[in-house]
Amino acid sequence: MEWPLRSPKGSTAFRLLRLALPVAIALLAMPTVQLPAASPPSRGPSGVVVFAVDPVALAAASLAAGHGPAAAPGAQCSLAPSASATCTLPSLAPHPSAGPTNENWVQLTGVNGPSRRWITMMAYDPIDNYTVLFGGVPPGQAVSATLGDTWVYAAGVWTNLTANLTAAPSMRYASSLAWDARDGYLVLFGGHLLPANTVYNDTWEFLHGAWTPLTPTSAPAARWRAAMTYDVNDSYLLLFGGTGLTNTSAQITFNDTWAFAGGQWTNLSSTTTGHPLPRYRASMAYDARDKYAVLFGGCTSTASLCETGDTWIYTNHSWTNKSSTLTTHPSARVYFGFTWDSALKADLLFGGSTSTTSGQQGDTWLFLNGTWSSLALATHPAARGYEALADDTGDGYLMLFGGTDYTTYYNDTWSFGPALVTALHVAPTTLDQGQNLTLTSAAWPTLTSYNRSYAGLPAGCASANLTRIACVPTAAGAYTIEGFVNTTTGASYTRNGSITINLPPQITSFTATPSVLTVGVTTNLSLFATAGTSPLSYAYTGLPAGCFSANRTWITCRPSTPGSYTLHGIVRDAVGNQTSMTASLTVFAPPAVTGFTVSRTFVDVGQAVTFRANESGGTPPVHFAYTGLPGGCSSADTNLLACVPQSAGTYIVTVNASDTFGYFVHAAVTVTVAADPSLWGFVATPSSVDLGASVTFNFSVANGTGAYTFAYRGLPRGCTITGGSGQSCQPTVTGTFAVIVSVTDGAGFTVNATTSLVVNALPAVTSFTVTPNVVDTGQSLNFVVAAGGGTAPLTYSFTLLPTGCAGATTATFSCRPTAAGTFSTAVTVSDAFHATAQGTAVVIVHRAPTVTSFAASPAPVVAGTSTTLTTVVAGGTGALTFLYTGLPLGCASVNSSSVVCRPTVTGSYSITVNVTDQLGSSVQATTTLVVTPVPANPSSGSGSLLGSPWVLLGLLLAVVAVAAIAVIAMRRRRPRSPTTAEPAAAPEPEPDWAEGSEGDGA
């Protein structure tokens, strides 16, 4: 918290001087420090680009108006492209000392301003022509709150801008605030917030009624109670000292020197000589006459009795302590008002706090030509400290606001300048033709002996000796109004005021583009107006949901509710005149597919389907596109799409609906396209059955859509079936049937298949024959069974077959009986269904003939004598026949079981008898018959040569040999046939390499 201090009072007066020359004179000095380039143009709330003040133009205007030292030759100035000014001025005579003046303190009574406060910040803005005040501390020694409001003062009127600011520094007090003439805006740095005990080092720009935070790359350490002024000679804001906090919240005091230019802070401490002691609560003002900054007073320690009264000057990186050269100076003090007085061309100091018993001060001092002088003024503000003092060059005086003596906290406004302060208030300064205008002529001190008159009034307004004139201008234009205040002594004081009277605002067009759209689509509302008092404000009513009015000539919005709207575009100018125009807007609901269906969700390949999209909303025309269609279907811009799918599969078909603005919506439906149903493997099992036997119909079916239905055609009587595969029945008629099954799927697609069914009669044996039916054992029997009906395969089984014929299983077979007898053979024929039929046949088998004995008697026998061959036969059928072979000469075969013969040739004979019965069975038997020669006559003594069997044999062999020789001889003598030529010798084959052989490349 701040500690209470006290001071004495005093008064004197000086003549009012006009403004502007100090700036011109100050610009004559060339800057010596390299600082960042000038900041870019600032922008006010309305977006208008405002450039920094042109110092050369201000200097030239000031000189042209006659301001400056008496008889001083004119300065020659130029403005380089870099915005640096170069001026030359001939040598001047020594500055005159301050002398008597009619300048005085005047309280501007009746001026309603900011609330009571102390340690506030105040500086003059020469571009916007008003004094700006920010923040401070409300009444109370225990600092428990801080202010953060922004006020401006001009021509005796305070205006609170706080409510209209979009950005502003946070609440604070004891910041540093000064006009940056190089960059053309007010700069605020640092400050302190209580009770949070927060210290700032942020930098803010103020111009055209708007605060803008700046972002320099570096800045002084966070601090408050630092001294700052604009150094015209060096072309930068100069900041010195102040108070900061350590990381343990202990106060520290600075004596660093910083420059601010081009939006950047530069620490000059390392290049600056002669630094004052660290201090805070000091004040600093620029002496434009002598071209240096003046630092006075402040605290050099954190002790309670800390004020000093030393005087320092700064120029071109150098601090110089002037205290030792001064014969008089203000007493040591803190928190005093200190500023350049452009009328007196000197720095002026007022008041401040001290630790003496006299407390706050009320004295006024001038610093001129490097010396301090006290002004004895009869009237002055009450002694105080912590006040704010600024050079209000627009109104032609210094102005003081607020402060405290720790008993009273002030919010009074004082001027230091002319003994009579006048003001002409024009309200409003800009208005429309036909609106009310008020002119108020004010004068301080308030006296009743003033006469007032007005000149330059617009048509509809007339001058009168009145403090206030109310009228209604009837003509548009720009007017300079003069307000005259005449005293009884004949003195006349003039104040000027400007007024601009505009035609009422007129709307030239109000359109919505597009005026027909879909919810969610952007539309631009354009509202154009002319005339009226700037700035014009714009408002929109009748808007659909989703659209919001804004103070712009256009707004962009996205309606969120469909409907037809009549929009009102309202233009209001700065003085409240209003006009309006209407426009139409039609907003459609977004396109929506309320239903997306397909005529059949299950369909076979080749069957037609129709997709239908029921759509609502959207800005016409609405377009349709389909994706995910089955093969054979193509998208078309229609909500009714018919096609014939050609590819099987399950398809998610999406319809996309978009309106004129491309607003997109979609819906989907699933359609299953099945391959056409296929039917195969249709069979009757069995495919051939007996009458009355069960038959089952089987088949396979695949693909298709949904459930199948079945139908049969061509079934035999006794079969009535309707179901699917595996249905059975029992035919009641015989025949061959072409049975057709029809399968229809859920999509109505039908396929057919045909199978053959044979229904057979029951098996029957139509004949059973044995050929021959009478045989001998060993003879072949042929069995033949003829069967009718039945279902193949038929099987055969036999009973009572002749011995040797067992095991037969076929309809025909042959066998040879091995035993005689009469056999009643039976055959049983069975079909696939085990139905049977029987047949019988009788077979007689006789015993085959056998020769039980075969012999000649007598045997041996003498040639020429008789012997009997006797054959004894057993068995056989019917009459027997006999045939004998191998008989000797003299014996002949006869068909008799007994043969009597007389062999004539001796020898041993193997005689065979062949016996055949009536059935052709034959049997043979062999016996040996030896025919001996007739015994020799023992009485003859010799035998006949021919009578010897060996002789006969030899003769026989000889005869055979002679005959053979004769035959060979006769063959050799046979002549050749004359027509038979010998065949020519076949030519010898040529070698295979003669010509044309394969492989020689021909």
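Author: Start with the open sheet of four strands, whose order is β45-β50-β49-β47 and whose pairing is mixed. Strands here are DSSP runs of E with at least two residues, helices are runs of H or I with at least four, and both are numbered from the N terminus. Two strands count as paired if DSSP finds at least two bridges between them. At the edges sit β45 (602-604) and β47 (623-627), each pairing on one side only. From one strand to the next, the twist averages 30°; axes are lines fitted to C-alpha atoms (for helices, over the stretch in contact), with angles from 0 to 180 degrees between N-to-C directions.

Zoom in on β45: three bridges pair it in the parallel sense with β50 (residues 664-674). F602 has T672 in β50 as its bridge partner.

A word on the ground rules. This is a predicted model, so local features need pLDDT of at least 70 and side-chain atom pairs count only at pLDDT 80 or more, while totals for chains, interfaces and linings use all residues. Residues are numbered from 1 along each chain as its sequence is written, and side-chain values use heavy atoms, with hydrogens and water left out.

Now for another open sheet, again with four strands: β15-β16-β17-β18, paired antiparallel. Its edge strands are β15 (227-231) and β18 (264-267), each with pairing on one side only. The twist averages 30° from one strand to the next. Inside it, β16 (residues 236-245) and β17 (residues 251-261) run antiparallel and are joined by eight bridges. L238 has A259 in β17 as its bridge partner.

L238 turns up again in the contacts of M284, along with A227, M228, T229, F240, A293, V294, L295, W319 and F338, leaving aside neighbours within four places in sequence. Contact means heavy atoms within 4.5 Å. M284, L295 and W319 have the most contacts inside the largest nonpolar core, which has 47 residues. Such a core is a set of buried Ala, Val, Leu, Ile, Met, Phe, Trp, Tyr and Cys residues joined through side-chain atoms within 4.5 Å. Buried is under 20% relative accessible area, exposed is over 50%, and partly exposed is in between (1.4 Å probe, protein chains only).

On to the rings. The whole structure has 34 aromatic pairs; rings of Phe, Tyr and Trp (its six-membered ring) pair if their centres lie within 6.5 Å, with planes under 30 degrees apart called stacked, over 60 edge-to-face and the rest tilted. W118 and Y406 are edge-to-face because their planes are at 75°, with centres 5.8 Å apart. That pair links distant parts of the chain, 288 residues apart: W118 is in the loop between β6 (104-107) and β7 (121-125), and Y406 in the loop between β28 (397-401) and β29 (413-417). Both W118 and Y406 are buried.

F783 and F813, by contrast, are stacked, at 4.5 Å centre to centre and 10° between the planes. F783 is buried at 0% relative accessible area, and F813 counts as buried at 12%. Ring pairs also link F296, F336, F338, W365, F367 and W372 into a cluster.

Finally, charges over rings, where NZ of Lys or CZ of Arg is within 6 Å of the ring centre and within 35 degrees of the ring normal. R172 lies over the face of Y200, 4.1 Å from the ring centre, and the charged end of R552 sits 4.7 Å from the ring centre of W554.
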